[in-house]
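My notes follow the order in which I checked them.

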Amino acid sequence: MGKAYALLRAGFPYVKTLGMRRITSNPIDLALGREGRLYILGRGALATEIRRYTWDDEDLGTIGGAGTTDGKFLWPGAILADEEENLYVSDEGCHRISLFSRDGTFLGKWGEQGSGPGQLNRPSGLAFDPEGNLYVVDTMNHRVQKFTRDGKFLLQWGKGGTGPGEFNMPWGIAVDDDGEVYVADWRNDRIQKFSADGTFQFMFGTSGSADGQFNRPTGVAVDTHGDIYVADWGNDRVQLFTPEGRYVQKFLGDATLSKCARAYVLANPKPLRLREMANLEPQKLFHGPVSVRIDALGRMYVADCGPHRIQIYQKDACPLEPHQIMPPLRAPSMSVA
């Protein structure tokens with residue numbers, strides 16, 4: 001896939017659900033590894049840890065755990081994997097970034113609490129730029145900072161406020177293939193786009209529950225077509241936008257029982273009876289989706305925090321060249337072909 005003049009959007013079907021309560025507990029983010037490996041970051045009463053997982057719904061064990069010592073988390077915010085599958089985890093509670101190998105070996109940490117250049121106050125979202133440097137959303141300092149992978153400060157932008165380029169408790173962040181940066185401005189209920197050096201480009205979104213509006217957006221992702229995905233946490237949905245910020249569609253949840261959840265329910269008579277009696281319509285919906293991630297195949301992974309699971313969808317779209325499609329219309333309407 002690649003950025004295109006336009007897209008024939010054929011569909012975005014639901015694929016599968018991974019995980020269940022007590023395994024992928026309270027997932028707030030996930031990192032995508034190779035060969036179907038996933039690293040699911042949990043934060044909540046049930047578990048504060050990284051769950052090593054697979055596309056086939058297999059549990060490979062955990063990394064970390066609750067605490068403030070090396071290799072532990074107090075209140076983790078986001079997880080990211082590099083090309084070697086080393087894992088970077090932001091910790092709001094400890095104001096630091098921790099680093100692990102894919103098998104869970106603790107490799108180091110950096111960061112200290114404060115408001116000066118390079119200091120952190122409740123860091124949350126993480127994203128690599130094309131050169132491998134690390135952007136960190138510095139939530140309570142209302143800014144974005146850029147570091148080398150070992151924590152050397154490079155630059156920063158942003159301050160508290162509601163104007164262009166200002167933030168109110170930003171959370172999620174994504175970087176596209178051209179190095180441009182997208183930030184989920186949590187308390188301002190909007191997405192802002194910047195150049196790599198922090199120059200403001202545009203923003204979209206207002207407070208509300210209508211199409212294209214947000215209620216505390218937490219996660220943002222950009223695919224190779226340039227489409228923008230937003231985890232609209234307070235509205236229990238994910239929304240999809242064009243590269244220009246035009247609303248395309250929303251996802252409300254289509255979960256089925258994962259493989260591990262099916263095995264658990266089949267082995268327990270009471271959950272079997274409760275599910276047999278239940279209204280299943282609400283069971284499939286998102287409840288507090290915190291993060292959205294897109295892989296190279298166009299699959300969308302949603303960290304569905306409340307129901308303790310990951311829901312996965314598959315993008316189906318065909319890139320178009322200018323000669324294949326007529327110019328934009330002034331008053332478009334569409335009927336089903």
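**Sheet, helix, cores, one lysine**

I started with Phe-241, which stands opposite Tyr-247 in strand 22. The model is predicted, so I kept the limits in mind: local features need pLDDT of at least 70, side-chain atom pairs count only at pLDDT 80 or more, and totals for chains, interfaces and linings use all residues. Residues are numbered from 1 along each chain as its sequence is written, and side-chain values use heavy atoms, with hydrogens and water left out.

I then looked at the strands around that pair. Strand 21 (residues 237-241) runs antiparallel to strand 22, and four bridges join them. Strands here are DSSP runs of E, at least two residues, and helices are runs of H or I, at least four residues, numbered from the N terminus. Two strands pair if DSSP finds at least two bridges between them.

Which residues of helix 1 are buried? I found Cys-260, Ala-261 and Val-265 in helix 1 (residues 259-266). Buried means under 20% relative accessible area, exposed over 50%, and partly exposed in between (1.4 Å probe, protein chains only). Seen down the axis, the buried residues of helix 1 fall within an arc of 130°, so they line one face. The arc is taken from the directions from the helix axis to the C-beta atoms. I noted that their cover includes strand 5 (48-54) and helix 2 (269-277).

I turned to the cores. The largest nonpolar core has 17 residues, and Ile-50 is one of those with the most contacts inside it. Such a core is a set of buried Ala, Val, Leu, Ile, Met, Phe, Trp, Tyr and Cys residues joined through side-chain atoms within 4.5 Å. Strand 3 (27-32), strand 4 (37-43), strand 7 (76-81) and strand 8 (87-91) each supply at least two of its residues. A second, separate core of 13 residues includes Val-292 and Tyr-313.

Last, I checked Lys-72. I placed Lys-72 in the loop between strand 6 (59-63) and strand 7. Lys-72 is partly exposed, at 29% relative accessible area. Beyond four places in sequence, its contacts (heavy atoms within 4.5 Å) include Asp-91 and Arg-96.
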